[in-house]
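User: I am new to reading protein models. Please take me through this one in short questions and answers.

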Amino acid sequence: MDSVGGARIAVDQFGVAPIVSIEDELRDVRRERDALRRENRVLKIAVAELERVSERDTLTPLYNRRYFLTAIHHRLARFERHAECAAVVFVDVNQLKYINDSFGHAAGDFALMEVAARLAASIRSTDVAARIGGDEFGLILDQSTEGGARAQIERLGEVLSAGPALYDGQEIELSACFGVAMLQVGMAEADILAAADRDMYRCKQRQDGPRLHR
């Protein structure tokens, strides 16, 4: 046996793998690492999409009720720590049943999407707009006093009724009743939303339903 062969045998006897084998294993490890990184990126995208879907309304591009209540909770925490005021607005679309009965449910969905679009376009990027029920929407107006919030809902009412929604050649007039509640220490998010709902109901009692026309 020559010295080279003897050295190779000695190495093998001590359990040391040949260099070629180690390089192959390193390549396999790198491939597995790269595959895991790709899977991790895919999982992150999937999780982000699930989070987005869980926060969004199924019909409109707005947030849903779950997200809206969480947002009120966060504003309450900021209000209690830093006295950062905010107004919660309850919006109830008028005559949705009439729209559904007269033009069909697809027209009713279209009207809701139009209301959502007009509301979202009329508030600041720091505010929150959500659909919280069938024909009910919610707004959070950050850094707003009650007087400021009531002036804002007057403008929003004008935005909704400024022009009809056009659906399949039909003109559908839009309007809504609004209610306002301010953040208060010791109140839960559901309590504040309920207070805004009660204020909206007083608005609805004072307001006749709009006439819809073709």
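User: Is T60 buried or exposed?
Analyst: T60 has a relative accessible area of 5%. Buried means under 20%, exposed means over 50%, and partly exposed lies in between, using a 1.4 Å probe and protein chains only. By that rule, T60 is buried.

User: Which atoms do side-chain values use?
Analyst: This model is predicted: local features need pLDDT of at least 70, side-chain atom pairs count only at pLDDT 80 or more, and totals for chains, interfaces and linings use all residues.

User: How far apart in space are T60 and A130?
Analyst: T60 sits in the loop between α2 (19-55) and α3. Contact means heavy atoms within 4.5 Å. Setting aside neighbours within four places in sequence, T60 is in contact with L112, M113, A116 and R131. T60 and A130 are 70 residues apart in sequence, yet their C-alpha to C-alpha distance is 8.8 Å.

User: How many helices and strands does the protein chain have?
Analyst: Helices (H or I, at least four residues) and strands (E, at least two) are DSSP runs, numbered from the N terminus. Their order in the protein chain is α-α-α-β-α-α-β-β-α-β-β-β-α. The count is 7 helices and 6 strands.

User: How is α3 oriented to α7?
Analyst: The axes of α3 (residues 65-82) and α7 (residues 189-206) come within 9 Å and cross at roughly 105 degrees. Axes are lines fitted to C-alpha atoms, for helices over the stretch in contact, with angles from 0 to 180 degrees between N-to-C directions. Under 35 degrees counts as roughly parallel, over 145 as roughly antiparallel, 65 to 115 as roughly perpendicular, and the rest as oblique. So α3 and α7 are roughly perpendicular.

User: How many nonpolar residues are in the contact of α3 with α7?
Analyst: R65, F68, L69, I72, H73 and L76 of α3 meet E189, A190, I192 and L193 of α7. Ala, Val, Leu, Ile, Met, Phe, Trp, Tyr, Cys and Pro count as nonpolar, Asp, Glu, Lys and Arg as charged, and the others, Gly among them, as polar. The contact has 1 polar and 2 charged residues, while the nonpolar ones number 7.

User: How is α5 oriented to α6?
Analyst: V115, R118 and L119 in α5 meet L156, V159 and L160 in α6. By class, that is 5 nonpolar, no polar and 1 charged residues. The axes of α5 (residues 105-121) and α6 (residues 146-161) come within 10 Å and cross at roughly 135 degrees. That angle makes α5 and α6 oblique.

User: At what angle do α4 and α5 pack?
Analyst: L96, I99, N100 and F103 in α4 meet H105, A107, G108, A111 and L112 in α5. This contact has 6 nonpolar, 3 polar and no charged residues. The axes of α4 and α5 are 6 Å apart, and the packing angle is about 140 degrees.

User: Is A83 buried or exposed?
Analyst: A83 has a positive phi of about 60 degrees although it is not a glycine. It lies in the loop between α3 and β1 (86-93). With a relative accessible area of 57%, A83 is exposed.

User: What is the relative accessibility of Q95?
Analyst: Q95 is also not a glycine, and its phi is positive, near 60 degrees. Q95 lies in the loop between β1 and α4 (96-103). It counts as partly exposed, at 33%.

User: What distance separates the C-alpha atoms of Y167 and A106?
Analyst: Y167 is in strand β4 (residues 165-167). It is partly exposed, with a relative accessible area of 23%. Not counting residues up to four places away in sequence, Y167 touches A106, A107, F110 and I172. Y167 and A106 are 61 residues apart along the chain, and their C-alpha atoms are separated by 9.2 Å.

Conventions. Residues are numbered from 1 along each chain as its sequence is written. Side-chain values use heavy atoms; hydrogens and water are left out.
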